[in-house]
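I opened this notebook to record what I looked up in the model, one topic at a time. The entries follow the order in which I went through the chains.

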Amino acid sequence: PPHWSPGTTIMAVEFDGGVVMGADSRTTTGAYIANRVTDKLTPIHERIFCCRSGSAADTQAIADSVTYQLGFHSIELDEPPQVQTAANLFKEMCYRYREELMAGIIVAGWDKRRGGQVYTVPVGGMMTRQPVSVGGSGSTYIYGYVDSNYRTGMSREECLQFTAKALSLAMERDGSSGGVVRLAVISEQGVDRQVILGNQLPRFSAA
Amino acid sequence: VDMALSNVLELPASGFNFENSARNAVLEDVLGDGKTKTPKPMKTGTTIAGVVYKDGVVLGADTRATSSEVVADKMCAKIHYIAPNIYCCGAGTAADTEKTTDLLSSNLTIFSMNSSRNPRVIMAVSILQDMLFRYHGQIGAFLILGGVDFTGSHLYSVGPYGSVNEVPYLAMGSGDHAAMGILEDGFKPRLELDEAKTLVCSAIHAGIMSDLGSGSNVDLCVITRQGVDYIRPYQESEFKDQRQGRYKYKPGTTPILRENVEPVEVEVMQETVQKMDTA
């Protein structure tokens, strides 16, 4: 069985002009937190990132491989790659080796053809586009929050708040998620990364 | 002319190769119904730690190697040389950490010769990650890699399945919980050299005290842009005992009864001269 447990909460939301991606920062080996400041938001290309959940070794290897393939493809094309292409490359790898891998990945970014896009590639290797997507063991606790609070046409700021709150709620309830919240906003202008430290996370009553 | 850099390892076919792990699972099934298990490798209980400080990296390790409950080596070296500016602490299966770091060091030396460049820490990490992932966890190497190159000071952990974490302070091995407690309490960004050395030493000491698999002395390795200071041992065990007997024998202990010298006759059979081409 893989060395690292799939404890994680990851999330991505589309808005008009880009995407907001977020993740917690906890990686566990059994009950021990091996890294409490993990960066699960991995750059694949200039305006394409992925959120990684599942086995750390597997997802790092897959992300490295896709980064190489996408970089090569982009140079051949002589233009920035499409988010859909990156998602497809992830899907190819995750589906072909589905028996050997444990990886749940959310691919998100911005390209000039379709704007901000979020694609989810869960364990098993399916790929589909969703306006909002959550993943990892902590996601089960926030489906209700996400389904009831997501509206189309939210602004960039609203999406950031929405993501931060959703991740905080998941981290509160899921033992395998925690640490800090890492956020990234990808748009035509580029990538803007933020960290929300533990004591600055949004708090909810229920003492 | 082949432009590729030479490599001791044969580069395998592209893509992932999981043949061996499948084979091991099949063998376990076939050989005796669960009674025969693939042989369990020898592990060294260990405490290893690393800290990034103001001018570089400090790595630390204990020096005990165990064979079940017997201490096999009281002064084993767990901080391995990788490159002039990169060292690696190894926990897990003793043979695996030894050979993996050796292979890595050889490959990086070949790279240096080929390209006239000092290797970067990220290169060592990438090579390790690639190799360990390919072997799907069958190589039991838990490594802490530290070094300084022109991009700065770096500290990485590499797990046996090929996962990598870059962090400012780390502990691994069976004594890692004890060491991590000390590091979490005492670490600050941009420590001074003596603060960093004391911190790492206390962390290893905590592992030595609280973990049966760790013990004896504390080794330290300080890496900076200027060079490396390998301090072995940095702190000796306070439980060192005095040897009661002498194990070395003085010359003359065994009396010589008779001496007979016979010269060996050497006959020249054939002589050839090959002229060297000089321009």
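In which helix of chain A does A:Gln69 lie? I found A:Gln69 in helix α1 of chain A, and I note at the outset that I am reading a predicted model.

**Entry on A:Gln69**

I looked up the exposure of A:Gln69 next, and at 28% relative accessibility this residue counts as partly exposed, because partly exposed covers the range between under 20% for buried and over 50% for exposed. Leaving out residues up to four places away in sequence, I recorded A:Leu89 and A:Met93 as the residues that A:Gln69 touches. I also took the separation from A:Ser148, which is 79 residues away along the chain, and the two C-alpha atoms are 38 Å apart.

**Entry on chain A as a whole**

I counted 4 helices and 12 strands in chain A. The C-alpha trace spans about 55 × 40 × 25 Å along its principal axes. For 207 residues I would expect a radius of gyration near 17 Å from a compact globule, and the 16 Å of chain A agrees with that. Buried residues make up 52% of the chain, and of the contacts with a separation of 6 or more, 62% are between residues 24 or more positions apart.

**Entry on the cores of chain A**

Which residues have the most contacts inside the largest nonpolar core? This core has 24 residues, and those with the most contacts inside it are A:Ile44, A:Ile48, A:Ile62, A:Phe90, A:Ile105 and A:Val107. Two or more residues each come from β6 (48–54), α1 (56–77), α2 (83–96), β7 (103–111) and β8 (115–121) of chain A. The largest share, 7 residues, is given by α2(A). I then followed A:Ile62, which, with residues up to four places away in sequence not counted, touches A:Phe90, A:Met93, A:Cys94, A:Leu101, A:Ala103 and A:Ile105. Apart from this core lies another one, of 23 residues, and A:Phe15, A:Tyr145, A:Phe162 and A:Ala164 are among them.

**Entry on chain B as a whole**

Of its 279 residues, 41% count as buried. Residues 24 or more positions apart supply 62% of the contacts in chain B that have a separation of 6 or more. I noted an accessible surface of about 17,500 Å² for chain B, with 53% of it belonging to carbon and sulfur atoms.

**Entry on B:Cys89**

Is B:Cys89 buried or exposed? B:Cys89 has a relative accessible area of 0% and is therefore buried, and I located this residue in strand β7 (residues 86–93) of chain B. Its contacts, with neighbours within four places in sequence left aside, are B:Ile48, B:Ala49, B:Leu59, B:Gly60, B:Lys78, B:Ile79, B:Phe142, B:Leu143 and B:Ile144. For B:Lys78 I also took the C-alpha to C-alpha distance from B:Cys89, which is 5.6 Å at a sequence separation of 11 residues.

**Entry on B:Gln129**

What does B:Gln129 touch, not counting residues up to four places away in sequence? I recorded A:Gln60 and A:Asp64 in chain A, together with B:Gly162 and B:Val164 in chain B. B:Gln129 lies in helix α3 (residues 121–134) of chain B, and at 13% relative accessibility this residue counts as buried.

**Entry on backbone geometry**

I kept one general point in mind here: most residues other than glycine have a negative phi, and most peptide bonds are trans. A:Asp78 is not a glycine, yet has a positive phi of about 60°; this residue lies in the loop between α1 and α2 of chain A and counts as exposed at 69% relative accessibility. B:Arg190 also has a positive phi, near 60°, and I placed this residue in the loop between α4 (176–186) and α5 (193–210) of chain B; with a relative accessible area of 62%, B:Arg190 is exposed. Last, I noted that the peptide bond from B:Arg232 to B:Pro233 is cis, with omega near 0°, and that B:Pro233 lies in strand β13 (residues 228–235) of chain B.

Methods. Residues are numbered from 1 along each chain as its sequence is written. Chains are lettered from A and ligands numbered from 1 in the order in which they are written. This is a predicted model: local features need pLDDT of at least 70, side-chain atom pairs count only at pLDDT 80 or more; totals for chains, interfaces and linings use all residues. Side-chain values use heavy atoms; hydrogens and water are left out. The radius of gyration is taken over C-alpha atoms; the globule rule is 2.2 Å times the number of residues to the power 0.38. Buried means under 20% relative accessible area, exposed over 50%, partly exposed in between (1.4 Å probe, protein chains only). Contact means heavy atoms within 4.5 Å. A nonpolar core is a set of buried Ala, Val, Leu, Ile, Met, Phe, Trp, Tyr and Cys residues joined through side-chain atoms within 4.5 Å. Accessible areas come from the Shrake-Rupley method with a 1.4 Å probe; for residues, only the protein chains shown count as cover.
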